[in-house]
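Please look at the structure below and follow the explanation through it.

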Amino acid sequence: MTPEEFPLLADVFPALTANILRLLDPDDTVLIDQVPALRYHGVCTCTATCHNLLTAPQGSPTPYLCELEENDKAVIWLNLDPTATVIVDSEVLDDRVL
């Protein structure tokens, strides 16, 4: 599949996408600008217990983490590529943000 053939994350998980946008630092325009265009590549299958939502092909490097908090509690982790500017996947820590 080409990247354009994957559905938008916003179409598959609209509430999650809205919450990511709401919780990102408003000054972080690099991440905010890409959220509406993120493609959903499915759930990670690296292990039976992994449930990350992929926004890049499985196996993409993710050395950086952006923690999104609500009421001082982490609710979403965004894993970022080696440049720390591209969201590669997200891990939902609190199902209420879905």
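Glu-91 is buried but forms no salt bridge. In this predicted model, the nearest side chain of opposite charge belongs to Lys-73, and that side chain is 12 Å away.

Where does Glu-91 sit in the chain? Glu-91 belongs to strand β5, which covers residues 87–92. Residues up to four places away in sequence aside, Glu-91 touches His-51 and Asn-52, and also Val-75, Ile-76 and Trp-77.

In β4, Trp-77 is the bridge partner of Glu-67. Strand β4 spans residues 73–80 and pairs with β3 in the antiparallel sense, over 7 bridges. The hairpin of β3 and β4 has 2 residues between the strands, and Asn-71 in this hairpin takes a positive phi near 55°.

Is Thr-62 buried, exposed or partly exposed? Its relative accessibility is 33%, so Thr-62 counts as partly exposed.

With neighbours within four places in sequence left aside, Thr-62 is in contact with Asn-79, Leu-80, Val-88 and Asp-89. Thr-62 and Val-88 are 26 residues apart in sequence, yet their C-alpha atoms are 6.8 Å apart in space.

Note on methods. Residues numbered from 1 in each chain as written. Predicted model: local features only at pLDDT ≥ 70, side-chain atom pairs only at ≥ 80, totals over all residues. Heavy atoms only, no water. Helix = DSSP H or I, 4+ residues; strand = E, 2+ residues; numbered from the N terminus. Buried < 20%, exposed > 50% of the residue type's maximum accessible area, 1.4 Å probe, protein only. Lys, Arg positive; Asp, Glu negative; His and termini not counted. Salt bridge = Lys/Arg side-chain N within 4 Å of Asp/Glu carboxyl O. Contact = heavy atoms within 4.5 Å. Pairing = 2+ DSSP bridges.
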